[in-house]
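Please open the model in your viewer and keep the selection panel at hand. The tour below goes from one selection to the next and says what is found at each stop.

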Amino acid sequence: MDFIEGLGLVAGILTSSAVVPQLVTTVKKKKASEVSTVMFIVLLSGNALWVYYGIDKKDVPIIATNIFTICLNVAMLFLKFKYKDND
């Protein structure tokens, strides 16, 4: 892995990790009324397209970080529906 690939991986991890504080807050409060379902669906769609693009370009940082983001976004949507009765 060269410097630019490493830089792309770090950038992707930092960007992907932006949802972690929301996940932690949602789990602690067991409440997700402030979470926008539409926003996470749009993010999932964009991330899926990035994965496809990364596969086409054979770009591991793009593929890996967007799969990581998809997992976090799916977890957030799961919590949104899990705690819907708590709102």
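Which residues in helix 1 meet which residues in helix 4? Select Glu5, Gly8, Leu9, Gly12, Ile13 and Ser16 in helix 1, and you will find that they meet Pro61, Thr65, Phe68, Thr69 and Leu72 in helix 4, where contact means heavy atoms within 4.5 Å.

Some conventions come before the next stop. This is a predicted model, in which local features need pLDDT of at least 70 and side-chain atom pairs count only at pLDDT 80 or more, while totals for chains, interfaces and linings use all residues. Residues are numbered from 1 along each chain as its sequence is written, and side-chain values use heavy atoms, with hydrogens and water left out. Helices (H or I, at least four residues) are DSSP runs numbered from the N terminus.

Colour the chain by pLDDT, the predictor's confidence in each residue from 0 to 100: the protein chain averages 93, and 99% of the residues score at least 70.

Return to the helix pair and draw the axes, which are lines fitted to C-alpha atoms over the stretch in contact, with angles running from 0 to 180 degrees between N-to-C directions. The axes of helix 1 and helix 4 come within 9 Å and cross at roughly 10 degrees. That makes helix 1 roughly parallel to helix 4, a term used for angles under 35 degrees.

Step back to Asp59, in the loop between helix 3 and helix 4. Asp59 is partly exposed at a relative accessible area of 24%, the class between buried and exposed, the latter being over 50%. Asp59 and Glu5 are 54 residues apart in sequence but 8.4 Å apart in space, C-alpha to C-alpha.

Finish in helix 3 (residues 37–57) with Trp50 and Tyr53, which are 3 residues apart and so separated by about one helical turn. Their ring centres are 5.5 Å apart and their planes are at 90 degrees, so the pair is edge-to-face (centres within 6.5 Å, using the six-membered ring of Trp, and planes over 60 degrees apart). Trp50, at 45% relative accessibility, counts as partly exposed, and Tyr53, at 40%, counts as partly exposed too.

Notes: Phe/Tyr/Trp six-rings, centres within 6.5 Å; stacked < 30°, edge-to-face > 60°. Helix = DSSP H or I, 4+ residues; strand = E, 2+ residues; numbered from the N terminus. Buried < 20%, exposed > 50% of the residue type's maximum accessible area, 1.4 Å probe, protein only. Parallel < 35°, antiparallel > 145°, perpendicular 65-115°, else oblique.
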